[in-house]
Amino acid sequence: MRPKGSEGMPSQMEPWYRNAVIYSLSVETFMDGNGDGIGDFSGLRDRLDYLESLGVDALWLAPTYPTPNRDDGYDITDYYGIDERLGSSGDFAEFLFEADGRGMRVLLDLVVNHTSDRHPWFFSAQSSEESDYRDWYVWSRKRPRAARSGVVFPGVQGSTWSYDQKARSWYFHRFYDFEPDLNMENPRVRDEIHRVLSYWLRLGVAGFRVDAVPFIIEKPRPEGGAAELHFEYLRELREVVQWRRGDAILLGEANVVPRDDEHYFADGDGLHLMFNFWVNQHLFASLATGDARPLASALAATRKIPARAQWAYFLRNHDELDLGRLQPREREAVFGRFAPEATMQLYGRGIRRRLAPMLGDQRRLEFAYSLLFSLPGAAVLRYGEEIGMGDNLRLRERDAIRTPMQWTNGRNGGFSTSEQLIRPAIGKGPYGFDAINVEEQLRRPDSLLRWMIELIRIRKECPEIGAGEWHILPTRSRQVLAVLYTLRDSAVLCLHNFDETPREITVDLKMTSSGERLRSLLDQQASHGPAGRHRLRLEPLGYEWYRVG
Ligand code: NOJ
Ligand code: CA
């Protein structure tokens with residue numbers, strides 16, 4: 001889709017995030033610099049050359065604030081600090097300088113739906129009704145009728161309201177009971193959040209991944225029923241960010257249905273980017289069934305967005321692969337294909353596996369990543385995906401997919417020299433660091449990592465994909481997705497065959513002004529045309545990217 005109002009804009013005027021490759025990592029499990037078994041900023045700094053060689057534009061760091069770490073850092077006790085296990089504020093500043101020097105932007109995780117129950121604000125709020133911080137949280141004197149509804153982690157979390165003995169009241173927690181929700185109705189809370197934004201933007205971060213957006217803007221109701229959502233707050237946040245740093249962004253986590261997207265993008269004055277959970281789930285439905293139509297329909301359903309907004313596409317993130325938005329039949333197909341055992345599933349709606357064990361081999365992974373990088377927006381890649389890391393299902397809940405990065409085949413996969421690690425590295429089996437590690441894959445020309453570096457380079461040659469208009473072309477094959485991207489006079493065509501058998505399709509490019517020849521971007525030898533109408537053959541799980549003209 002051509003963004004409204006950007007006609008005739010030279011491509012260098014495209015906001016950076018509309019065509020970005022974002023790499024997401026958790027400092028704690030990426031690289032341990034001081035040998036205490038916990039990843040840290042000095043370790044991460046040493047790995048910036050590696051990240052630069054991958055060609056990524058920005059890094060999104062999982063929460064790095066002081067934390068009791070009961071929810072992997074999403075339970076925060078101080079919004080203005082760096083957890084000392086990860087390094088000092090000085091280490092963080094050094095890291096920012098180094099990232100900046102390589103042209104890489106840094107996004108932090110903004111977790112303001114809730115704090116930890118050990119945040120000084122909550123201690124104070126609990127202590128007395130007179131506390132200045134009492135109404136920074138959400139209380140109910142009476143036992144809320146809705147206490148058991150709306151839990152986000154069913155099976156692990158029992159309720160959304162818990163009784164606090166000290167406060168002699170019930171408090172609301174959308175997530176775990178140790179994560180009390182902040183009261184966003186309170187202007188003093190909102191002011192404080194604005195100061196948090198100012199603080200990190202001033203230090204030099206390029207924006208935030210905003211945690212749990214629908215829950216930040218909801219007004220909790222002890223009596224239950226549909227929550228009231230305050231979308232105007234997103235405009236307020238956007239304004240605060242933009243006034244402080246013009247090119248900073250908000251990348252929202254909002255797993256919502258397409259008809260609600262417009263409220264989050266707020267005519268281009270809300271979130272800059274949103275993860276496209278709708279496409280993510282339907283993409284897996286397509287992968288599981290070999291039928292491209294669920295993905296094609298999801299792309300069409302989320303097509304209309306404002307000019308200044310963009311989608312962030314991803315395959316896997318640090319949470320379960322949430323399938324809650326699929327039809328039961330589709331969800332069963334994905335479970336059946338990719339998570340047949342109960343231990344692979346989580347919260348009754350998702351899968352706690354990494355992509356490589358789900359798909360099984362490099363050919364399928366290449367297909368999936370070719371698809372990801374051809375989707376019309378920004379692409380988000382999670383650490384370890386580029387080498388096809390596996391999971392450890394013995395770890396609890398989502399920790400299964402949060403194991404240390406595998407750098408070498410040496411001790412602890414090169415992550416740390418310590419005896420005791422924050423989480424065990426995967427040492428054995430087909431996904432152990434002996435078999436899967438960066439060092440080996442950098443050396444081997446046909447590795448997934450070398451393939452991925454090349455694909456990201458090619459993607460960078462195709463601004464049409466994130467910044468242009470796109471159309472799904474008819475192919476008469478429900479197994480093949482053909483998308484044509486155009487930007488001014490240039491065009492790119494990407495084809496993906498979801499089927500395990502070869503497919504022949506015909507695409508008609510007579511309507512493109514740029515010419516009728518197809519030159520493969522992946523295989524320099526292959527070209528077709530001139531013809532206008534092309535009959536093309538795709539191998540099982542085959543993919544092709546062509547420049548048209
Ligand atoms: C969403 C995050 O992605 C998840 O990891 C976390 O547990 C919840 N929000 C609560 O912050
Ligand atoms: Ca360390």
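A charge sits over a ring if NZ of Lys or CZ of Arg is within 6 Å of the ring centre and within 35 degrees of the ring normal. In this predicted model, arginine 303 lies over the face of tryptophan 470, at 4.1 Å from the ring centre. The structure also holds 37 aromatic pairs, two of which are described below.

**Phenylalanine 30 and tyrosine 383**
- The ring centres of phenylalanine 30 and tyrosine 383 are 6.2 Å apart and the planes stand at 90 degrees, so this pair is edge-to-face.
- Phenylalanine 30 belongs to helix α1 (residues 27-30) and tyrosine 383 to the loop between β16 (378-382) and α15 (438-443), so the pair ties together parts that are 353 residues apart in sequence.
- Phenylalanine 30 counts as buried at 0% relative accessibility, and tyrosine 383 counts as buried at 1%.

**Phenylalanine 265 and tryptophan 311**
- Phenylalanine 265 and tryptophan 311 form an edge-to-face pair, with 5.1 Å from centre to centre and 70 degrees between the planes.
- Helix α9 (residues 261-265) contains phenylalanine 265 and strand β12 (residues 310-314) contains tryptophan 311, so parts that are 46 residues apart in sequence are tied together by the pair.
- Phenylalanine 265 is buried, with a relative accessible area of 1%; tryptophan 311 is buried as well, with 3%.

**Aromatic cluster**
- Ring pairs link residues into a cluster whose members include Phe41, Tyr65, Phe92, Trp121, Trp136 and Trp200.
- Tyr79, Tyr80, Phe95, Tyr133 and Tyr199 are also among the members of this cluster.

**Charge over a ring**
- Arginine 134 has its charged end over the ring of tryptophan 139, 4.7 Å from the centre of that ring.

Terms used. Residues are numbered from 1 along each chain as its sequence is written. Chains are lettered from A and ligands numbered from 1 in the order in which they are written. This is a predicted model: local features need pLDDT of at least 70, side-chain atom pairs count only at pLDDT 80 or more; totals for chains, interfaces and linings use all residues. Side-chain values use heavy atoms; hydrogens and water are left out. Rings of Phe, Tyr and Trp (its six-membered ring) pair if their centres lie within 6.5 Å; planes under 30 degrees apart count as stacked, over 60 as edge-to-face and the rest as tilted. Helices (H or I, at least four residues) and strands (E, at least two) are DSSP runs, numbered from the N terminus. Buried means under 20% relative accessible area, exposed over 50%, partly exposed in between (1.4 Å probe, protein chains only).
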